[in-house]
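User: I am new to this structure. Please show me how to read its features one at a time.

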Amino acid sequence: IEAARFLVREHGIKPDEIRRVEVRTEKAADRMCNIVGPRTGLEGKFSLRFNTAFALSGGDTSSPDSYSVETITRPDLVELQTRVDVVMMPDSWPRYQTEVEIETNEGRTLARIHDTNRPASDLSEQGERLLEKFHGLVQPILGVDRSSRLASAIGALESVERNPSLMGLAMSSATPSEAGL
């Protein structure tokens, strides 16, 4: 996902400009997330082809709502997946590493390696992506206001000796008064 997003962002390519995509990854991914032609949201979450196509199309992979039957079966995403090949690399391939190579219709080849075991060098950008994913997961449960307050409280943990309202913010059934707010 990260390698595909990077290539789209850096080179401004659009899905209709892509001839083919090759995703190279470790063999362990074959057992966990190599569902070909997903038909449900859950299958989509565990499909390298779908997630690559979705990332190349600018989809929000951090939101659980993105993994609906409507999204999984969108004709443009289904078609783009047919241009994505997944190659399981030999045991010598570094664990947690994925390489995405895109060949454009005009013959350019673009490649990017991403290692999920290494933190981003731009910690500000990594923090923004993490916060975006947090809100995508938490807002449907707690709402926008409480999600924002919980994110702020978590962000302040290093400078706070004790934060008793943190659990109250995280409890979806708690009213603001029960949470000490």
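Analyst: Start with how elements are named: helices (H or I, at least four residues) and strands (E, at least two) are DSSP runs, numbered from the N terminus. By that naming, Gly41 is found in helix H3, residues 41-45. This is a predicted model, in which local features need pLDDT of at least 70 and side-chain atom pairs count only at pLDDT 80 or more, while totals for chains, interfaces and linings use all residues. Residues are numbered from 1 along each chain as its sequence is written, and side-chain values use heavy atoms, with hydrogens and water left out.

User: How many helices and strands does the protein have?

Analyst: The protein has 8 helices and 4 strands. Along the sequence, the pattern reads α-β-α-α-α-α-α-β-β-β-α-α.

User: Is Gly41 buried or exposed?

Analyst: Buried means under 20% relative accessible area, exposed over 50%, and partly exposed in between (1.4 Å probe, protein chains only). Gly41 has a relative accessible area of 9%, so it is buried. For the protein, buried residues make up 39% of the 181 residues.

User: Which residues does Gly41 touch?

Analyst: Contact means heavy atoms within 4.5 Å. Not counting residues up to four places away in sequence, Gly41 touches Tyr67, Ser68 and Ile72. Among contacts in the protein between residues at least 6 apart in sequence, 59% join residues at least 24 apart.

User: Which side chain makes a polar contact with that of Thr71?

Analyst: A polar contact is a pair of N or O atoms within 3.5 Å; within protein, one must be able to donate a hydrogen and the other to accept it, and residues adjacent in sequence count only if both atoms are side-chain atoms. The side chain of Thr71 is joined to that of Ser68 by such a contact, of 3.1 Å. Thr71 lies in helix H5 (residues 69-72) and is buried, at 12% relative accessible area. A second case is Arg24 in strand S1 (residues 18-25), whose side chain makes a polar contact of 2.7 Å with the side chain of Glu22. Arg24 is buried too, at 14%.

User: How do the axes of H1 and H4 cross?

Analyst: Axes are lines fitted to C-alpha atoms, for helices over the stretch in contact, and angles run from 0 to 180 degrees between N-to-C directions. The axes of H1 (residues 2-11) and H4 (residues 48-56) come within 8 Å and cross at roughly 25 degrees. That makes H1 roughly parallel to H4; angles under 35 degrees count as roughly parallel, over 145 as roughly antiparallel, 65 to 115 as roughly perpendicular and the rest as oblique. At this contact, Ala4, Arg5 and Val8 in H1 meet Thr52, Ala55 and Leu56 in H4.

User: Which residues of H1 are buried, and what covers them?

Analyst: An α-helix has 3.6 residues a turn, so residues three or four places apart point the same way. In H1, the buried residues are Ala3, Ala4, Phe6, Leu7 and Val8. Their cover includes H4, strand S3 (97-104) and strand S4 (109-115).

User: What is the phi of Tyr96?

Analyst: Most residues other than glycine have a negative phi. Tyr96 is not a glycine, yet its phi is positive, about 75 degrees. Tyr96 sits in the loop between strand S2 (84-88) and S3, and is partly exposed, with a relative accessible area of 33%.
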